[in-house]
Amino acid sequence: MPPRSEEPRRDATGSRRGSSRNAGGRGAEPRSGEPGVGGISDARAYTPRGRTVREQRAGGRAEPDADAGPAAQRRTPRSTRSGDPFRPALQVLDGGRAGAGRAGRREATGPAGVVRTVTPRTPRHDDEPPAPRRRTAARRPDRPAARRPSRKPPKPPRLADPRRRLRLGTVLTLTLFAVIGIRLVVLQTVETPAYAGGGVADRLRTVTLPAARGAIYDRDGAPLAHSVEARYVYADPTQVKDQQATAKALSPLLGMPASELAEKMKPRKRVNGVDSQFEYLARGVDIDRARKITALELPGIYTHRDERREVPGGDLAANLLGFTSQDMVGLEGLEARYDDMLRGKDGKRVYEVGLGDLAAPIPGGYSETTKARPGSSLKLTIDRDLQFMTQRMLSRHMARSKGSTGAAVVIEIPSGEVLAQASHPTYNAAKPLPSDPTDREDAATSFVVDPGSVHKAITFGAALQERVITPDTTLPIANAIKKGDTWFYDTHRADGKRMSLPGMMAYSSNVGTIQIADKLGPERLIDYQKRFGLGEATGVGMPGEASGRLLPADEWSGSSYGSVPIGHSVDATPLQMAAVYATIANNGTYVQPRLVKEVIGPDGKRTPTEPPVTRSVLSPENAAALRHILEAVTTVEDATGRPAAIPEWRVAGKTGTGWRLVDGRKQLGEVASFIGMAPAEKPRYVIAVFAHTPSGGGGAIAAPAFRDMMQFTLRHYGVPPSGEKAPKFTVYPR
C-alpha cells in the first residue's frame with residue numbers, strides 16, 4: 001500500500017489542524033481571532049467519515065460554535081469515536097514543525113469536499129500560559145502513526161523455534177529407547193541364568209514317584225509278601241473349614257475314631273513357625289475307599305498315590321519276613337536285611353507350576369521326569385505249605401507249656417536249603433503293631449542255648465574221624481565221673497558194664513562221651529566244633545543272627561573237660577545245631593544253610609545267590625557210621641528218642657537237654673531238643689526242634705513235634721518209606 005499522507009488534516013472550516021503533540025510533547029498553540037481556534041475540539045470529535053460531530057448535527061456544515069464553552073471543546077474523544085478499533089487518532093510526530101512550514105495552506109481532501117485547515121503554529125510568549133494538551137485519538141489501523149525519531153520502538157519478542165524442541169525431543173526419545181534396549185540385551189544375555197534360575201526355583205514343584213517294592217516269594221513263586229498300589233489320605237489344616245464335620249465324614253471310611261481324625265486336622269505350627277499344610281490321616285488306603293473320600297469333596301482333604309505291603313499269610317513265616325514301615329522301609333526280618341535290594345530307587349517329576357489360583361503345570365515350562373526303578377524281588381528256599389504246617393505243629397505242641405518259646409528248622413539234603421523255619425510265639429506280619437518285640441524274634445537264629453546232649457554227635461564224629469574210636473568200640477561205663485570239682489552222672493546206670501557206641505548214644509551216656517573226649521583232647525574237639533559251624537553265624541540271611549560262642553582251650557577249667565563234650569559251656573543257636581546234623585546227613589560235608597534262593601530283578605532276570613560255603617568235616621564212611629549210631633536213639637528199647645520214631649521211615653537223631661542263655665545268664669527252666677534225619681539210610685531232610693519250657697517237661701514236646709513235622713515233610717515231598725527195617729543194636733555187648 002502507498003504510504004499514507006502525513007499532512008495535517010484540515011477541519012470543516014478549511015483550516016489545518018495541528019498535531020496532537022509537538023516535539024516536546026505539548027499541544028499546538030492556536031492563533032487568536034482565527035476561526036480555526038475551535039477546530040481543536042472538532043478534530044478530537046472527528047467521526048469516521050471525516051466530519052466532526054458538530055458538522056453532523058448541522059447537516060454537514062462545519063461551522064465552529066463560538067458559544068460553545070471550553071467543556072464542549074474538550075470533549076473526550078472516546079465519546080465521539082467510531083466503533084472501528086483499527087482507526088488511529090490524528091497525531092503529529094514531528095512536533096508540529098512540518099505543519100508549521102505549510103501554514104495557511106488548504107487542501108481539499110475526500111470526495112465530500114471537506115476542507116481541512118491547519119492553523120500555523122504561532123510562537124508562544126513567555127508570559128502566555130501553555131495551551132491545554134489534547135489527547136491523541138486512537139490510531140487508525142490503515143494509517144500507522146509516525147515513529148518518534150528520538151526513541152526506537154521495542155523489538156518484538158523472539159518466538160520459540162519448534163524445530164529445536166522437535167530435535168531435542170527426538171534425541172531424548174532415542175536415548176531412552178537405547179537405554180531400554182541395552183538393558184534388555186543385558187537381561188536376556190548376561191543376567192539371564194541368574195534371573196531365570198531364581199524365578200524357576202519359585203515355580204518348581206517336585207513330585208516323588210515311589211518305586212514299587214520288590215516282593216518276597218517262596219520256592220514255588222507263591223507270594224509271601226508283596227506291595228500293592230494304594231492311596232494315602234492327608235489334610236491341609238489351613239483349608240479345613242469344619243474339623244468335626246469332616247472327621248465324622250471320614251471316620252467310617254478310614255476306620256478311625258472321629259476324635260482322632262479331628263485332632264490331626266487341628267492347625268499347628270512347624271518348627272520354623274510356618275503353618276502346617278500337610279498332616280497324614282491314613283496310609284495304605286484301598287483305592288476304592290480313596291475314591292469315595294475324593295468324591296466327598298471335603299475342603300482340605302486330599303489323597304495321593306501310596307503303596308501298601310501285603311502279607312497274604314498273616315503270620316506265615318512272619319518271624320522270617322519281618323515288616324516295613326508305612327514309608328516302605330524294612331524294619332525287621334528279611335525286609336530289613338535286604339531293604340536296599342527290595343526298596344529300589346524312587347523317581348521324581350520336577351515341573352513348573354503357576355502361583356495362586358494358577359497352581360497348575362505350565363504348558364511348555366520346565367519339566368523333567370526321572371523314572372522310578374522298582375526294587376528286586378527275593379525268591380526264598382521256604383516252602384509255603386511246609387512252613388504253614390511246621391508253624392502249626394510247633395504251636396500245638398508248645399501250647400502244653402505256658403510261657404514257652406520254641407523253634408523248628410527244616411533243612412533239605414544235600415542243598416542245605418531251609419525249607420521251613422518256624423518260631424513260637426509269632427505275630428501277624430500284615431499288622432505287626434502292636435506286638436511284643438520278643439514275639440517278632442526269629443528263635444532259630446536269635447535263640448542262644450546250651451545245646452546239651454545233641455552236641456554229643458560232634459564229640460562222637462570227631463573221635464571217629466580222628467580214629468580215636470571205631471564203630472565197634474566199647475567202653476566200661478561207670479555211673480558217674482568227676483571232672484574238676486564236678487560230678488557228671490548218667491540217667492541210665494550202666495554199673496560199669498561195657499557199652500557200645502550205639503548204646504551210649506541211645507541212653508545219652510555222659511560218662512561214655514566224656515571218656516571219648518578225654519582221648520580226643522580239647523584242641524581237636526574245639527577244632528571240630530568250628531568245622532561243624534559253631535562259634536560263628538551261619539549267614540543264612542537273617543539280621544541280628546547270633547554267632548554263639550565256643551570256650552577256648554586256655555579258658556577251660558577242670559569241669560570244662562566234662563561239660564564241653566556233653567554240650568554245656570557251649571553257646572549255639574538251633575540253626576547252627578541243625579547245620580551240624582545236616583553235615584552228618586550229607587555224608588560229612590558241611591553246607592552253609594541259606595534262605596534266599598535267587599534274586600529276581602525288575603526286568604525279570606533271575607540271579608542265583610552266591611553258592612553256599614561248603615567244607616568236608618567227616619569222611620562219608622565215618623558220617624555213615626555216625627548215622628548208624630544215631631539211629632539207635634529211636635529204635636533201642638527205652639532209648640531217649642523213642643517218641644520221635646516214625647513207623648514208615650527210619651529215623652536217626654538225638655535228644656538234648658540244656659539251658660537258655662540271655663546275655664550269658666542261664667534262664668529259668670530247661671531247653672529240650674531233638675534233631676533228626678530221615679530216611680536214616682539215605683537222609684533227605686533234617687529237622688531240629690527246640691523248646692524252652694520255664695516249668696520243665698520239654699522232653700515231652702521236642703521229640704513228638706519232630707515226629708509230626710518229619711512225617712508230614714516226607715509225605716509232602718513223596719519220599720517212599722524205608723525199604724529195610726532199622727538194624728538191631730546191642731547196648732551191652734559181652
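Not counting residues up to four places away in sequence, which residues does threonine 573 touch?

Analyst: Threonine 573 touches Ala444, Thr445, Phe447 and Ala546 once residues up to four places away in sequence are set aside, where contact means heavy atoms within 4.5 Å. The model is a predicted one, in which local features need pLDDT of at least 70 and side-chain atom pairs count only at pLDDT 80 or more, while totals for chains, interfaces and linings use all residues. Residues are numbered from 1 along each chain as its sequence is written, and side-chain values use heavy atoms, with hydrogens and water left out.

Threonine 573 sits in the loop between H20 and H21; helices (H or I, at least four residues) and strands (E, at least two) are DSSP runs numbered from the N terminus. With a relative accessibility of 0%, threonine 573 counts as buried, a term that stands for under 20% relative accessible area, against over 50% for exposed and partly exposed in between, with a 1.4 Å probe and protein chains only.

The loop between H19 and H20 holds glycine 548, which is in contact with Gly535, Asp571, Ala572 and Gln576 when its neighbours within four places in sequence are left aside. Glycine 548 and valine 570 are separated by 22 residues in sequence, yet their C-alpha atoms are 7.8 Å apart in space.

Helix H19 itself (residues 522-531) has Pro522, Leu525, Ile526, Tyr528 and Gln529 as its buried residues. Viewed down the axis of H19, these buried residues fall within an arc of 160 degrees, so they line one face of the helix; the arc is that of the directions from the helix axis to the C-beta atoms. The partners against which the buried residues of H19 pack are helix H16 (456-465), helix H18 (510-520) and helix H20 (560-563). After H19 comes glycine 533, whose phi is positive, near 105 degrees.

A nonpolar core is a set of buried Ala, Val, Leu, Ile, Met, Phe, Trp, Tyr and Cys residues joined through side-chain atoms within 4.5 Å. This core has 127 residues, of which Leu380, Tyr581, Leu630 and Val689 touch the most other members. Tyrosine 581, again without counting residues up to four places away in sequence, touches Val454, Ala457, Leu630, Lys654, Ile675, Met677 and Val686.

Asparagine 586 lies in the loop between H21 and strand E18 (589-591). This asparagine 586 is buried, with a relative accessible area of 15%, and a polar atom of its side chain lies 3.1 Å from the backbone oxygen of threonine 589; a polar contact is a pair of N or O atoms within 3.5 Å, where within protein one must be able to donate a hydrogen and the other to accept it, and residues adjacent in sequence count only if both atoms are side-chain atoms. Beyond its neighbours within four places in sequence, asparagine 586 is in contact with Ile413, Pro414 and Val591.

Val591 is also touched by valine 613, along with Tyr590 and Gln592, residues up to four places away in sequence not being counted. Valine 613 belongs to the loop between strand E20 (606-608) and strand E21 (614-616), and its relative accessibility of 44% makes valine 613 partly exposed.

Strand E10 pairs with strand E19 (residues 596-600) in the antiparallel sense over four bridges, two strands being paired if DSSP finds at least two bridges between them. In this pairing serine 377 stands opposite isoleucine 600 in E19. Strand E4 (residues 216-217) pairs with E10 in the parallel sense over two bridges, and leucine 378 in E10 is the bridge partner of isoleucine 216.

As for the chain as a whole, its secondary structure comes to 23 helices and 25 strands, and 46% of its 734 residues count as buried.
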